[in-house]
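Let us walk through this model from one chain to the place where two chains meet. Keep the sequence and the 3D view side by side.

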Amino acid sequence: MTKILLKFSEELVDQPITSQIILDLRVPLNILNANVTPQGGEILADVPSKDVDRVVQAFRERGVVVAIQRGIEVDEERCIDCGACYSICPVDAISFKEDNSIAFDDERCISCGLCGDACPTRAIRV
Amino acid sequence: MVAKKIRTIEEINEKIKKGDAVVVTAEEMKRLVEEKGVKVAAKEVDVVTTATFGAMCSSGAVINIGHADPPIKIHRAWMNNVEVSHPGAAVDLYIGATIMDEDRPFEYGGGHVIEELIRGKEVEFRATAYGTDCYPSTRVESTLTKDDMNQFYLLNFRNCYQRYNCAINSRDETIYTYMGKLLPHFGNATFSGAGELNPLCNDPDYETIGIGTRIFLGGARGYVIGEGTQHNPRNALGTIMVRGDCKKMAPEFIRGAAFTNYGTTLYVGIGIPIPILNEGLAEKTSVRDEEIYTNVIDYGVPRRDRPSLGRVSYRELKSGKITVGEREVKVSPLSSLKVAKRIADTLKGWIEDSAFYLTSPVEQLPGDTVFNPMRQVKEIPFVEDLARPATTCNEEETIEAVARRIIERSVNHIVVVDGSGYLKGIVTSWDITRAVANGRKELSEIITRRVVTATPNEPIDSASRKLTQHNISALPVVDSKGKVLGIITSEDLSRLIRG
């Protein structure tokens, strides 16, 4: 699976673009996170990796800005491996390795951002 | 009974000098005692290195920046826009880790200033003064690095807590505390401290750690200068006060940090060598996480005495999950065990390389002091002192009936309850006005169902914070089960302030 971030402008939010694309391409999109208001918004979705190109193209043709997501970014230099983020993660994407360092699983991460403001050294960018 | 001495600090230092001292980390000591027993371990090992790396708010640095010309007797001063306090004569300053940048509060503070100076970076400095005959200047501005300072010493009032609470949150909202981000409804927990690696846990009677003990502090040599503030030995909650030369420290072991909506702090790396002078110390340094317990405390209750929801061992805490009541809850350490282990290893290396010698304390830490609460001479009001009976309705009533009640009772908030008086929602006079304007007919359509509430024993300041944070003007007062006991409004609060 690959995560894509869809950004809808104010002009687009009243159109059923996402469901139209699912129906047209017959690709199952799993919506992980959505924050859409009448002023526009964002949807984070999982797409089967083999279909990413078609799906991205379809959204872009309809005026949606698409970013291919890579989960959270961790500044290794700032991270002190304290683990403040560990218990916040709702999908168990953060774990401890044998040597007490923190491991981030990009595959599991849904980019919800909950861990960002839990990081005391601000090493996490979502 | 005095434990039989098997070696002295002088003898250990002789061995360190020759490169013969046997040094193990606290982790290795525990394994050794498990394998070979206390007697053998006591015979073999000279020194055990212990460590911790955690957020320590009572941290800061004393600096002396030299005299300007014309001279200034500083009244107020700032470094990178963080106010530094002026505790003494003209140019002595103290950078407090928790003081925040006035333009970037909660993100940048004294802890970050200390870290940046240790990294060798330049900081913006400005100061003001009232001017005297001997110190005529009233303003000065400059940029400073650690090399420009005569003294730059870490001076921490309280460090190295023997153990600490495990924090959890019973409220229905996320709270941000000095114990980090706590999710609603017991959604996660946090703890601090290194458990079996913590220096004071390995010397719980403060036999070898006392005034004058030489330690690893922030990557340099430092000293214990006394018991820390809030030192509470009777409850195994000892602390130490420390001092060390920041100019020699390494940013790897001293880090500025920001706890969202709480404030800034400093992560401080401390390593303490424990000389194995007798078998008792070998036994004490074999302490395991499963023997060190702490309480799970509900930080959702904004009071000094927060309720304890149970006891957990550091073994459970370090496993990543604890059980609270029926629930399994993920638990985050806030201290870095990885860095603590690196400190214990580094200190071990220093001693093996004859670069660090042990000291005998010149005075023991007190073992019987108590940590008393503040003496308060003025009564602080709580929600129950100000709450009044709530005007209520049930969900089946009509908008008209509720509107009439608002006028009859001259209130702005109607609390929606079920047949047994439990909270179901709230309706305000504004909701009614909007319903009329929009032609809505059903009360159920206009009820706000996610209601922010207060409890009777909550401080007024906490209720007032909720009103501001959520931009609302009243809080139903409920018991722990959600039964409505009354209401407290912003008008009640402003009346209190006016007296």
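How many helices and strands does chain A have? Chain A has 2 helices and 8 strands. Helices (H or I, at least four residues) and strands (E, at least two) are DSSP runs, numbered from the N terminus. From the N terminus, the order in chain A is β-α-β-β-α-β-β-β-β-β.

This is a predicted model: local features need pLDDT of at least 70, side-chain atom pairs count only at pLDDT 80 or more, and totals for chains, interfaces and linings use all residues. Residues are numbered from 1 along each chain as its sequence is written, while chains are lettered from A and ligands numbered from 1 in the order in which they are written.

Take confidence next. pLDDT is the predictor's confidence in each residue, from 0 to 100. Its mean for chain A is 89, and 99% of the residues of chain A reach 70 or more. Among the elements of chain A, β4 (residues 65-69) has the lowest mean pLDDT, 81. Strand β6 (residues 94-96) of chain A has the highest, 96.

Now the fold. The C-alpha atoms of chain A fill a box of roughly 50 × 30 × 20 Å along the principal axes. Of contacts in chain A with a separation of 6 or more, 66% join residues 24 or more positions apart. Two residues are in contact if their C-beta atoms, placed from the backbone, lie within 7 Å.

Turn to the partner. Chain B places 25 residues in contact with 17 residues of chain A. On chain B, β12 (180-182), β13 (189-191), β18 (254-259), β23 (327-333) and α7 (337-352) each supply at least two residues of the side that touches chain A.
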